[in-house]
Amino acid sequence: MTMRTAGRTEHEASAAHVESAITNSLEQVRDILCGAQLRELARRLSHTDAQLAAQAEELRSEARRRLDVLEAHVRREIEALGATVEAHRAAGAGALGNVARESRDALAACEQRIQRLEDLVARTHRELRQQLLEQSKSFLDETRRTRDELSATIERELAAAWADSADAVAPDSPSREGAAESERYPKAERRSDEAA
C-alpha cells in the first residue's frame, strides 16, 4: 500500500514537472510569437495612461482656474449688486426724507393759510358788525330825523287846522283856543318823544 502511494506521488510529481516544462515552453513560444506586440501594447498602454493622467491633471487645473474665475466674477457681481441695493436704499431713504420734509412744509403752509383765513374771517366779522352798527345808528338817526320832520309838519298842519276851525267856530275868540290847543299838542308830542 505504501508502494502504491509512493508510486502515485512520484507519478504526480513527474506529471507536475512535465506540466511545468510545458507551461515554460508555451511561455517561451508565446514570447517568441507575441512578445514584441505585447511589449509594444504595454508601452502604448503606459504612454496612454501617462497622457490620460496629464490630461486629467490639466482638466483639473483648468476646472480649478475656471472655478476661481467664476467665483471671482460671482463675488464681484454680488458686491456690485450689494452696492446697487445700498444705493437704492439710500436713494429711497433720501426720497422718503424729502417727501416727509415736503409734507411737513406743506402742512405748515396749510396751517399758516388756515390761520390767515381765520384772521381774515374774524376781521371781516368785526368790520361787518361795525358796519351794521354804523348803519343801524344811521338808520336810527334817519328815522329820528324823519319822525321829527313829520312831527313838525303834522304839528304845523294841526295848528293850521285848529286855527282854521277856531276861526270858523268863533270869530271873536280864535287866538285863545288855538293857543291852548297848540300848547296841548306840543306837550303830547314831547311825551311821545320821551317815550320813544
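These legends accompany several close-up views of one predicted model.

View 1. Residues are numbered from 1 along each chain as its sequence is written, and side-chain values use heavy atoms, with hydrogens and water left out. Because the model is predicted, local features need pLDDT of at least 70 and side-chain atom pairs count only at pLDDT 80 or more, whereas totals for chains, interfaces and linings use all residues. Helices (H or I, at least four residues) and strands (E, at least two) are DSSP runs, numbered from the N terminus. Buried residues make up 4% of the 196 residues in the chain, where buried means under 20% relative accessible area, exposed means over 50%, and partly exposed lies in between (1.4 Å probe, protein chains only). The chain exposes about 17,100 Å², and carbon and sulfur atoms supply 60% of this area, as computed by the Shrake-Rupley method with a 1.4 Å probe, where for residues only the protein chains shown count as cover.

**View 2. Leu67, Leu70, Val74 and Ile78 make a nonpolar surface patch.** The area of this patch is about 380 Å². Patches are made of residues with over 30% relative accessible area and no salt bridge; like charges are joined within 9 Å, and nonpolar side chains (Val, Leu, Ile, Met, Phe, Trp, Tyr) within 5 Å. Ile78 lies in helix 1, which covers residues 2–169, and Ile78 counts as exposed because its relative accessibility is 55%.

**View 3. Glu62 forms salt bridges with Arg65 and with Arg66.** A salt bridge is a side-chain nitrogen of Lys or Arg within 4 Å of a carboxyl oxygen of Asp or Glu, and by this rule the count comes to nine salt bridges. Side chains of opposite charge can pair when their charged atoms come close. The closest N and O atoms are 2.4 Å apart for Arg65 and Glu62, and 2.9 Å apart for Glu62 and Arg66. Arg65 and Glu62 are separated by about one helical turn, because they are three residues apart in helix 1, while Glu62 and Arg66 are four residues apart in helix 1, also about one turn. Glu62, at 27% relative accessibility, counts as partly exposed; Arg65 is partly exposed at 44%, and Arg66 is exposed at 56%.

**View 4. Arg89 and Glu86 meet through their side chains in a salt bridge.** The N to O distance is 2.6 Å, and both residues lie in helix 1, three residues apart, about one turn of the helix. Glu86 counts as partly exposed, with 41% relative accessibility. Elsewhere, salt bridges that share partners join Glu40, Arg43 and Arg44 into one network.
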